[in-house]
Amino acid sequence: MAARDRPKLANYLAQETYTVDTRDHEDHTFCGIMFDVTCCTQRPIEYIEITSLWVRGDLGPMKVFATQNGFRDWDKDPENLCNAVHKDADCWTRLHENCVAPSPETLRELPLSEPIRMPHR
């Protein structure tokens, strides 16, 4: 009886964080990075929401952009970035822009102006 009356969607937000351990040998520099994030899990969730990114390094002027469906055209050759949507400025939304003080050891938060919400697929 109780299972029949159970709601189909949760009425609460579960707060969790995920940290990627990236070894840094301080042997490189870069002006930007692009990566896709997907929500694929066997857990019964409706979506994943990203509210900030954390970075460290010499930093300075920092911007965060996002696209609706990732930066690649997945129907094209994934190794050929000439076919990627990253070339079309209209596909990108700026979610953070600020000058951040250097922080080579400690991570600094880049809060997003609006969260990135990815539905479960």
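The following paragraphs lead the reader through a predicted model of a protein chain, from its overall plan to individual residues.

The protein chain has 121 residues, and buried residues make up 17% of them. One helix and four strands are present, and from the N terminus on the elements follow the order α-β-β-β-β. Helix H1 covers residues 2–5, and strand E1 covers residues 47–57. Strand E2 spans residues 60–66, strand E3 residues 93–100, and strand E4 residues 103–119. Among the contacts in the chain with a separation of 6 or more, 73% are between residues 24 or more positions apart. The chain exposes about 10700 Å², of which carbon and sulfur atoms supply 51%.

Is leucine 95 buried or exposed? Its relative accessible area is 5%, and leucine 95 is therefore buried, since the limit for that class is under 20%. Neighbours within four places in sequence aside, leucine 95 is in contact with Val64, Phe65 and Ala66, and also with Pro111, Leu112, Ser113, Glu114 and Ile116. The C-alpha atoms of leucine 95 and valine 64 are 5.5 Å apart, although 31 residues separate the two in sequence.

Histidine 96 also lies in strand E3. With a relative accessible area of 9%, histidine 96 is buried. When residues up to four places away in sequence are not counted, histidine 96 touches Met62, Lys63, Val64, Leu110, Pro111 and Leu112. Valine 64 is 32 residues away from histidine 96 in sequence, yet the distance from C-alpha to C-alpha is 4.9 Å.

The charged side chains come next. Side chains of opposite charge can pair when their charged atoms come close. How many salt bridges does the structure hold? There are three. One of them brings together the side chains of glutamate 49 and arginine 117, with an N to O distance of 3.1 Å. This pair links distant parts of the chain, as glutamate 49 is in strand E1 and arginine 117 is in strand E4, 68 residues apart. Glutamate 49 is partly exposed, at a relative accessible area of 29%.

Another salt bridge joins the side chains of lysine 63 and glutamate 97, at 3.8 Å from N to O. Lysine 63 lies in strand E2 and glutamate 97 in strand E3, so this pair ties together parts of the chain that are 34 residues apart in sequence. Glutamate 97 forms a salt bridge with arginine 94 as well, and the closest N and O atoms of that pair are 3.2 Å apart. Through shared partners, these salt bridges join Lys63, Arg94 and Glu97 into one network.

The loop between E2 and E3 contains threonine 67. This residue is buried, with a relative accessible area of 18%. Apart from neighbours within four places in sequence, threonine 67 is in contact with Cys91 and Trp92. Cysteine 91 is itself partly exposed, its relative accessible area being 28%. Cysteine 99, by contrast, counts as exposed, because its relative accessibility of 58% is over the 50% limit. A search of the whole structure for disulfides finds zero.

Which residues make a nonpolar surface patch? Ile33, Phe35 and Val37 form such a patch, with an area of about 300 Å². Valine 37 lies in the loop between helix H1 and strand E1. The relative accessible area of valine 37 is 38%, and this residue is partly exposed.

Terms used:
Residues are numbered from 1 along each chain as its sequence is written. This is a predicted model: local features need pLDDT of at least 70, side-chain atom pairs count only at pLDDT 80 or more; totals for chains, interfaces and linings use all residues. Side-chain values use heavy atoms; hydrogens and water are left out. A disulfide is a pair of cysteine sulfur atoms within 2.5 Å. Buried means under 20% relative accessible area, exposed over 50%, partly exposed in between (1.4 Å probe, protein chains only). Patches are made of residues with over 30% relative accessible area and no salt bridge: like charges are joined within 9 Å, nonpolar side chains (Val, Leu, Ile, Met, Phe, Trp, Tyr) within 5 Å. Accessible areas come from the Shrake-Rupley method with a 1.4 Å probe; for residues, only the protein chains shown count as cover. A salt bridge is a side-chain nitrogen of Lys or Arg within 4 Å of a carboxyl oxygen of Asp or Glu. Helices (H or I, at least four residues) and strands (E, at least two) are DSSP runs, numbered from the N terminus. Contact means heavy atoms within 4.5 Å.
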